[in-house]
Amino acid sequence: MDLSDEGSPFDTDMSGAPVADVAGLYPGHRSAADLAAFFVRAGWSSRSSSWEGYEVESPLARLEIEPVDDGVLIHGEADAGRLDALTAVLSARGLPFSAEFLGEDGALLREVRVGPASPASPASPAGPAGPADPRRQGPPVRPRQGLRQCLTDLFTRKG
């Protein structure tokens with residue numbers, strides 16, 4: 001889809017809406033092309049941004065999708081007022097994922113984990129309150145850990 005005449009569907013300069021930085025991971029999933037195709041089927045635009053990476057865009061967000069050793073990394077910018085809608089799109093693929101949304105000041109706005117618990121966070125599937133809700137938000141991650149560190153490592157690799 002050529003957006004050159006229409007401008008970008010996600011244009012923060014025009015809307016003036018607050019922006020959230022997005023960093024997420026679909027662990028164990030290696031196909032960035034498959035994930036980009038899912039976004040296209042959901043009505044987003046897509047273009048190739050590297051040999052294996054894609055940029056997807058809608059009025060909700062502009063995201064880069066790149067394969068990494070642990071799975072498929074997503075990162076970019078999102079409309080901070082519509083994070084619930086973006087989380088619904090990310091969840092609709094039916095794959096486990098985790099994502100962090102950071103405000104313009106770098107503060108953690110929200111952390112979302114969907115799917116089975118990872119080995120790093122051994123949560124029991126059922127506790128005194130019943131089965132764990134996979135949409136429940138986990139504890140905040142300190143800066144430079146987790147997905148932010150993975151993103152930093154991706155762009156600082158040597159060789």
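Predicted model: local features only at pLDDT ≥ 70, side-chain atom pairs only at ≥ 80, totals over all residues.
Local features were taken at pLDDT of at least 70 and side-chain atom pairs at pLDDT 80 or more, while totals for chains, interfaces and linings use all residues. Residues are numbered from 1 along each chain as its sequence is written, and side-chain values use heavy atoms, without hydrogens and water.

The model contains an open sheet of 7 strands in the order E2-E3-E4-E5-E1-E6-E7, with antiparallel pairing. Strands (E, at least two residues) and helices (H or I, at least four) are DSSP runs numbered from the N terminus, and two strands pair if DSSP finds at least two bridges between them. Strand E2 (45-48) and strand E7 (108-114) form the edges, each pairing on one side only. On average, neighbouring strands of the sheet are turned by 15° against each other, direction ignored. Strands E1 (residues 19-27) and E6 (residues 97-102) run antiparallel and are joined by 5 bridges; valine 22 has phenylalanine 101 in E6 as its bridge partner.

Helix H2 (residues 32-41) lies across E1, E2, E3, E4 and strand E5 (71-79), at about 155° to E4. Helix H3 (residues 83-92) lies across E1, E4, E5, E6 and E7, at about 160° to E6. Contact means heavy atoms within 4.5 Å; axes are lines fitted to C-alpha atoms, for helices over the stretch in contact, and angles run from 0 to 180 degrees between N-to-C directions.

Serine 58 is located in the loop between strand E3 (54-57) and strand E4 (61-68). Its relative accessible area is 6%, so serine 58 counts as buried (under 20%; exposed is over 50%, partly exposed in between; 1.4 Å probe, protein chains only). The serine 58 side chain reaches the backbone nitrogen of leucine 60 at 3.0 Å.

How values were computed:
Polar contact = N/O pair within 3.5 Å; in protein donor to acceptor, adjacent residues only side chain to side chain.
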